[in-house]
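Work through these exercises on aromatic rings and a nonpolar core. Try each task before reading its solution.

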Amino acid sequence: MIDPADVRVVLMDGATAATLSQVLPLLLLTLMVELRRVELHRRGRNVRTTRLLLGLFFIAFGVVETVFVLSIDGEFIPFTWSDLIAALSIFVLIALLFLLSLLDSPEHRKQHERPRDADSS
């Protein structure tokens, strides 16, 4: 007889999920270094649209990475609490990386500051 409380969802085997959950953040970091180097977050006709698209990419990446971390033991559902805590902490770190990638460097801010008029005080 099938037990309805015994729900198991397997997306991929544990070894593949473990490998992907380790390799993908390194690729994301490499991608962000290159995006900062070419200053993609400041280019385009509409900078807000560019940043929105980058944000959506980071959200999608975070969801995929969370699924991989939850699948490390071979099953997506049921997951262990330690897997959930690890997945959420990785998701928060990815969000922090996204926010930091949009900040201007101090040198860039100094170059683009407008001189203030002494007469306008």
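**Exercise 1: ring pairs**

Task: How many aromatic pairs are there?

Solution. Rings of Phe, Tyr and Trp (its six-membered ring) pair if their centres lie within 6.5 Å; planes under 30 degrees apart count as stacked, over 60 as edge-to-face and the rest as tilted. By this rule there are 3 aromatic pairs. Phe-57 and Phe-58 form an edge-to-face pair, with 6.0 Å centre to centre and 90° between the planes. Phe-57 and Phe-61 form a tilted pair, at 6.2 Å and 40°. Ring pairs join Phe-57, Phe-58, Phe-61 and Phe-98 into a cluster.

The model is predicted: local features need pLDDT of at least 70, side-chain atom pairs pLDDT 80 or more, while totals for chains, interfaces and linings use all residues. Residues are numbered from 1 along each chain as its sequence is written, and side-chain values use heavy atoms, without hydrogens and water.

**Exercise 2: the core**

Task: Which residues make up the largest nonpolar core?

Solution. Such a core is a set of buried Ala, Val, Leu, Ile, Met, Phe, Trp, Tyr and Cys residues joined through side-chain atoms within 4.5 Å. The largest has 11 residues: Leu-24, Leu-28, Met-32, Leu-35, Leu-54, Phe-58, Phe-61, Phe-68, Ile-94, Phe-98 and Leu-102. The elements giving two or more residues to this core are α1 (14–37), α2 and α3 (81–102).

Conventions: Buried means under 20% relative accessible area, exposed over 50%, partly exposed in between (1.4 Å probe, protein chains only). Helices (H or I, at least four residues) and strands (E, at least two) are DSSP runs, numbered from the N terminus.
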